[in-house]
Amino acid sequence: MAHMIPPGRPREDRNGGRAEALLWDELKRLPEDWFVYHHIPYVDGQAKEGEADFICLHREHGMLIIECKGRGVRRTGTGAWERELGGGRTERLKRSPFDQAKDQMHDLVDELEPRLQKLFPDQRGFPFVFGYAAAFPRGKMKEQLLPLDIRPELFYDASDLADIPERVIASLAYWRQAGERTVRPLDTTQFKNFRRKALHPKLEITPCLAADIAADHRKLVRLTEEQARAIVGLLSNPRFRIQGGAGTGKTMLA
């Protein structure tokens, strides 16, 4: 079975959750040298936010971004995409599922390339075949031809669920033959470092004694300034008495 990250099955009670759970179940059947990431959010250098439904990653086959859509999503004869809301109502989607997946793919590659260069300075080019696909696990295409801008290698519906592992590998094979460059894959150690340090790193925030000392120092400086102002206000008196408990700064004022 593939490594699923995070390991928990998607919740079905969220919007589109049942479709994602169905696809998650089938992607889990990929061989154990595959890594499947679910709902990976990102922010690029232009403050553009995005989230990949699924990233299927293999050291040699490559990296496939899959956009997963729930029930009732369809494309009209005019080329627009819409979702059924019930009661005869529909909602027009802002973008095609395939355009979403394509943009996520390019955004992720753009963000990962400088990280790869930092990790592996001698590596030339992106070390994976990369591509995208769209899945509709809760619907089935009628007996018809796909629109000209949708390749069958990149389209999954309910009838493909039993063959999803093979379909993912076939999608990446399509992107490999469509590519114009030779891909030099990472070795096993580099691949592990890529996964753990570039694609999905930990964020460990440890207690820092220096930060605590600096905060205490700033507090002491503020107290000293307050005491100095008190002295300036008392300079017009030839004699004064200061009262205060232990540790309130009497000696410092004296």
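Which kind of contact joins the side chains of Asp13 and Arg11? Select the pair: their side chains meet in a salt bridge, at 3.0 Å from N to O. A salt bridge here is a side-chain nitrogen of Lys or Arg within 4 Å of a carboxyl oxygen of Asp or Glu. Asp13 and Arg11 are both exposed; buried means under 20% relative accessible area, exposed over 50%, and partly exposed in between, with a 1.4 Å probe and protein chains only.

Before going on, note that this is a predicted model: local features need pLDDT of at least 70, side-chain atom pairs count only at pLDDT 80 or more, and totals for chains, interfaces and linings use all residues. Residues are numbered from 1 along each chain as its sequence is written, and side-chain values use heavy atoms, with hydrogens and water left out.

Next, select Arg74 and Glu82. Their side chains form a salt bridge of 2.8 Å, N to O. Arg74 is partly exposed at 35% relative accessibility, whereas Glu82 is buried at 16%.

Then go to Glu153 and Arg151, whose side chains meet in a salt bridge of 3.1 Å, N to O. Glu153 is partly exposed at 24%, and Arg151 is partly exposed at 38%. Elsewhere, salt bridges with shared partners join Arg9, Glu12 and Asp25 into one network. The count of salt bridges comes to 16.

Now select Asp107, found in helix H2. Helices (H or I, at least four residues) and strands (E, at least two) are DSSP runs, numbered from the N terminus. Is Asp107 buried or exposed? Asp107 counts as buried, because its relative accessibility is 11%. Leaving aside neighbours within four places in sequence, Asp107 is in contact (heavy atoms within 4.5 Å) with Tyr42, Asp44 and Lys48.

Along with Ile66 and Phe194, Leu27 has the most contacts inside the largest nonpolar core, which has 57 residues. Helix H2 (residues 97–119) gives the most to this core, with seven residues. Such a core is a set of buried Ala, Val, Leu, Ile, Met, Phe, Trp, Tyr and Cys residues joined through side-chain atoms within 4.5 Å. Not counting residues up to four places away in sequence, Leu27 touches several residues, among them Ala2, Met4 and Val36.

Last, select Ala47, in the loop between strand E2 (34–43) and strand E3 (49–58). Ala47 is exposed, with a relative accessible area of 60%. From C-alpha to C-alpha, Ala47 and Asp33 are 33 Å apart in space, and they are 14 residues apart in sequence.
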